[in-house]
Amino acid sequence: MSQPIKLRGTDIFDGRQLAGKSKVLILNQDGTVLDILDAADAGDGVQHIEGILCPGLVNTHCHLELSHMRGIIPEKTGLPAFLTAVMTQRGLLNTDPATAMAAAENIMREEGIVAVGDICNTAATLPLKQQGCLYYQSFVECMGFVPAAAAQRLAQSREVYQQFRALNGPLHHSSIVPHAPYSVSNALFELLAGLPENTLLTIHNQECAAEDELYQHKTGAFLEFYQRFGMDISGFTPAQTSSLQACLPYLAGSPLLLVHNTFSSEADIQAALQRALPVYFCLCPLANLYIEDRLPNIPLLRRLGATLTLGTDSLASNHQLSIWAEIQAIRTRFPEIPLAEILQWATLNGAKALGIEGQYGSFEKGKRPGVVVIGAQGCRKYEM
């Protein structure tokens with residue numbers, strides 16, 4: 001019978017709290033958690049690790065298929081200009097997308113990411129996901145702001161979704177999701193809300209001020225964006241409320257992951273928290289700084305009791321796909337937030353948001369969450 005793996009670090013973060021340096025993590029040879037014991041009870045064969053032992057990290061928002069766009073779009077252009085660049089340049093680059101995606105996934109694995117909520121506009125990531133190196137929730141995006149095209153747009157997304165759905169299993173799940181309030185018409189929202197058994201939902205939320213300006217007054221930078229792409233939005237009537245509050249009724253049938261939340265007000269957050277099903281707020285601080293040069297109101301989200309998770313967004317809007325880099329960015333700007341709290345955002349909260357907490361996110365008996373070592377040199381996967 002094979003001997004268990006016994007690890008003792010400078011501390012152990014178990015998914016909820018730092019357990020203390022006197023604890024030893026006991027694992028099966030395949031990485032299944034057997035126990036966390038006091039060092040005095042762990043017996044012989046304990047490996048001493050320089051760094052904090054932590055469950056594998058969960059990246060709840062990524063655009064892996066944009067990995068070939070690294071360094072292409074200038075920083076701090078604002079979201080409408082950023083979106084224009086993505087839409088006009090993503091298919092014109094010489095970099096091989098498959099090679100870029102594989103390299104990006106490999107770096108995520110090396111830095112201890114074990115699960116990813118990945119946004120998909122095409123099936124480009126499907127061959128990579130078939131290899132089963134990470135757990136993926138593939139969010140197949142649907143978008144179309146012209147009501148007359150709603151049925152056609154949904155049909156296009158369903159074709160992509162069916163390809164991902166065939167992969168569903170222990171290391172993959174998929175759903176069809178709205179892209180953002182500024183890119184989904186009410187007619188398309190209604191069609192998406194009517195899809196049976198379509199969970200989990202996510203949406204880009206209030207990433208820029210122009211989004212709320214559109215919904216409140218039908219003014220702002222998105223009008224120029226629509227004109228640039230020849231989109232007739234004469235049928236759009238502003239809700240005279242925030243974009244989030246206008247869209248929440250369409251998102252009621254599933255747990256919900258709200259991404260970015262850069263311009264969310266207290267009233268918006270409270271409205272989301274009042275929904276019957278769970279809601280999670282994903283923070284992508286480095287991408288927010290890259291695009292809008294602004295961070296979400298993290299102190300407000302904490303004060304209101306929002307359940308937070310972390311994401312990286314894409315290499316079009318970030319210099320790396322590193323949850324540890326996102327953690328460092330938050331700690332630099334908000335040093336009062338305890339490390340253990342942010343680590344919970346990156347582990348157990350992220351696993352709950354993706355519906356995989358039965359396997360990932362914490363060192364609990366029977367789980368196989370992966371092990372990360374956080375030390376002076378950064379964050380790395382522990383190889384069994």
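Predicted model: local features only at pLDDT ≥ 70, side-chain atom pairs only at ≥ 80, totals over all residues.
Okay, let's start with helix H5, residues 186–193. Which residues of H5 are buried? Leu-188, Phe-189 and Leu-192. If you look down the axis of H5, those buried residues fall within an arc of 105 degrees, so they line one face of the helix. And what covers them? The cover includes strands E9, E10 and E11, along with helices H4, H6 and H8.

Thr-241 is partly exposed, at a relative accessible area of 23%. Leaving out neighbours within four places in sequence, Thr-241 touches Tyr-215, Gln-216 and Ala-246. For a sense of distance, take Leu-57: Thr-241 and Leu-57 are 184 residues apart in sequence, and C-alpha to C-alpha they are 36 Å apart in space.

Side chains of opposite charge can pair when their charged atoms come close. How many salt bridges does the structure hold? It holds 10.

Here's one of them: Glu-65 with Arg-90, where the closest N and O atoms are 2.9 Å apart. Glu-65 is in the loop between strand E7 and helix H1, and Arg-90 is in the loop between H1 and helix H2, so this pair ties together parts that are 25 residues apart in sequence. Glu-65 counts as buried, at 3% relative accessibility, while Arg-90 is partly exposed at 25%.

Then there's Glu-266 with Arg-303, with closest N and O atoms 3.2 Å apart. Glu-266 belongs to helix H9 and Arg-303 to helix H11, so here the parts tied together are 37 residues apart in sequence. Glu-266 is partly exposed, with a relative accessible area of 35%, and Arg-303 counts as exposed at 56%.

A pair of sequence neighbours, Glu-75 and Lys-76, also forms a salt bridge, at 3.4 Å between the closest N and O atoms. Glu-75 is partly exposed at 38%, and so is Lys-76 at 47%. We also get a network of salt bridges linking Arg-16, Glu-364 and Lys-367.

Last one: Asp-11, in strand E2. Asp-11 is buried, yet has no salt bridge. Which side chain of opposite charge is nearest to Asp-11? That's Lys-21, 8.8 Å away. Setting aside neighbours within four places in sequence, the contacts of Asp-11 include Leu-18, Ala-19 and Gly-20, as well as Gly-51, Ile-52 and Leu-53. Lys-21 is on that contact list too.

Note on methods
Residues numbered from 1 in each chain as written. Heavy atoms only, no water. Buried < 20%, exposed > 50% of the residue type's maximum accessible area, 1.4 Å probe, protein only. Helix = DSSP H or I, 4+ residues; strand = E, 2+ residues; numbered from the N terminus. Arc of directions from axis to C-beta. Contact = heavy atoms within 4.5 Å. Lys, Arg positive; Asp, Glu negative; His and termini not counted. Salt bridge = Lys/Arg side-chain N within 4 Å of Asp/Glu carboxyl O.
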